[in-house]
Amino acid sequence: MNVSHTSVHPLEDAPTTEGANAPRVRMKDLQGMPGTPGGLALRVSQFVFAAAALLVMATTSDFPSVTAFCYLVAAAGFQCLWSLSLAIVDIYALLVRRSLQNHQVVSMFTVGDGITSTLTFAAACASAGITVLIDNDLRSCARNHCAQFETATAMAFITWFTSLPSFLLNFWSLASR
C-alpha cells in the first residue's frame with residue numbers, strides 16, 4: 001500500500017494568526033508587475049510605440065536641425081533598449097516560472113522605469129511644443145514634415161502612457177515591503 005506515514009513525512013502544526021507572531025501575508029503578483037503576462041504586455045507595447053516614434057522621427061530629413069526632436073530620438077532609442085531588455089527578462093521569468101519579486105530586481109526595475117518614463121515624457125513634451133510652434137505659430141507646415149512630427153510625438157506620449165503603469169506598479173511593490 002502506498003500510504004505516507006507521519007514518521008516519513010511529519011505533519012506541521014498550522015500556523016496561528018494570533019498576536020505578533022502572525023505570518024506575513026504576501027501580496028499576489030499583480031498583472032503588470034515584472035514576471036507576469038501583463039508586465040510582458042506592457043514591455044512589448046512600450047517597445048513597439050517607442051520604436052514607432054523613433055522610426056517616424058528618424059525618417060524625416062530635417063529632424064536633426066531641432067534639438068527637441070533629437071532628444072526625442074535619443075529618448076525613444078533608450079526606451080526601446082530598456083523595454084526590449086526587460087521584455088526578454090519577463091519572457092525568461094515566464095518560461096521558467098520564476099518570480100521577479102526580489103528586492104534588488106524590483107529596485108533596479110523601479111529606478112530604470114522612473115528614468116525612462118521621465119525622459120520619454122520630457123522628450124514628448126518638448127517635441128509637442130516645437131510641433132505647435134511650427135504648425136500654429138510659424139505656419140510653416142508646408143515646408144516641414146508636420147504630420148510626421150505630430151505622429152512621432154503622439155507615439156512618444158503613448159509610450160509614456162504605457163511606461164507609467166510599469167513604474168507605478170514597481171514603485172508600489174517596492175514601497176509595500
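Helices here are DSSP runs of H or I, at least four residues long, numbered from the N terminus. With that in hand, here's a quick tour of this predicted model. The protein chain has four helices and zero strands, so reading along the sequence you get the plain pattern α-α-α-α. Of its 177 residues, 37% count as buried.

**Spans from the UniProt record**

- The unreviewed UniProt entry marks "transmembrane region" at residues 40-57, 69-95, 115-134 and 154-175.

**How H3 and H4 pack**

- A handy way to describe two packed helices is by the angle between their axes and the distance between the axes.
- For helix H3 (residues 103-137) and helix H4 (residues 146-175), the angle is about 155° and the axes are 7 Å apart.
- Angles over 145 degrees count as roughly antiparallel, so H3 and H4 get that label.
- The crossing of H3 and H4 is left-handed.
- Sorted by class, the residues in the contact of H3 with H4 are 16 nonpolar, 14 polar and three charged.

**The disulfide**

- A disulfide is a covalent bond between the sulfur atoms of two cysteines.
- Counting cysteine sulfur pairs within 2.5 Å, the model has one disulfide.
- The partners are Cys141 and Cys146, with a distance of 1.9 Å from S to S.
- The link between Cys141 and Cys146 is left-handed, with -95° about the S-S bond.

- Cys80 has 8% relative accessibility, so Cys80 counts as buried.
- Cys125 has a relative accessible area of 33%, which means that Cys125 is partly exposed.

Methods
Residues are numbered from 1 along each chain as its sequence is written. This is a predicted model: local features need pLDDT of at least 70, side-chain atom pairs count only at pLDDT 80 or more; totals for chains, interfaces and linings use all residues. Side-chain values use heavy atoms; hydrogens and water are left out. UniProt positions are given in the numbering used here, feature names are shortened, and annotations may be inferred rather than shown by experiment. Axes are lines fitted to C-alpha atoms, for helices over the stretch in contact, and angles run from 0 to 180 degrees between N-to-C directions. Helices (H or I, at least four residues) and strands (E, at least two) are DSSP runs, numbered from the N terminus. Angles under 35 degrees count as roughly parallel, over 145 as roughly antiparallel, 65 to 115 as roughly perpendicular and the rest as oblique. A crossing is left-handed if the near helix is turned anticlockwise from the far one by less than a right angle, and right-handed if clockwise. Ala, Val, Leu, Ile, Met, Phe, Trp, Tyr, Cys and Pro count as nonpolar, Asp, Glu, Lys and Arg as charged, and the others, Gly among them, as polar. Buried means under 20% relative accessible area, exposed over 50%, partly exposed in between (1.4 Å probe, protein chains only).
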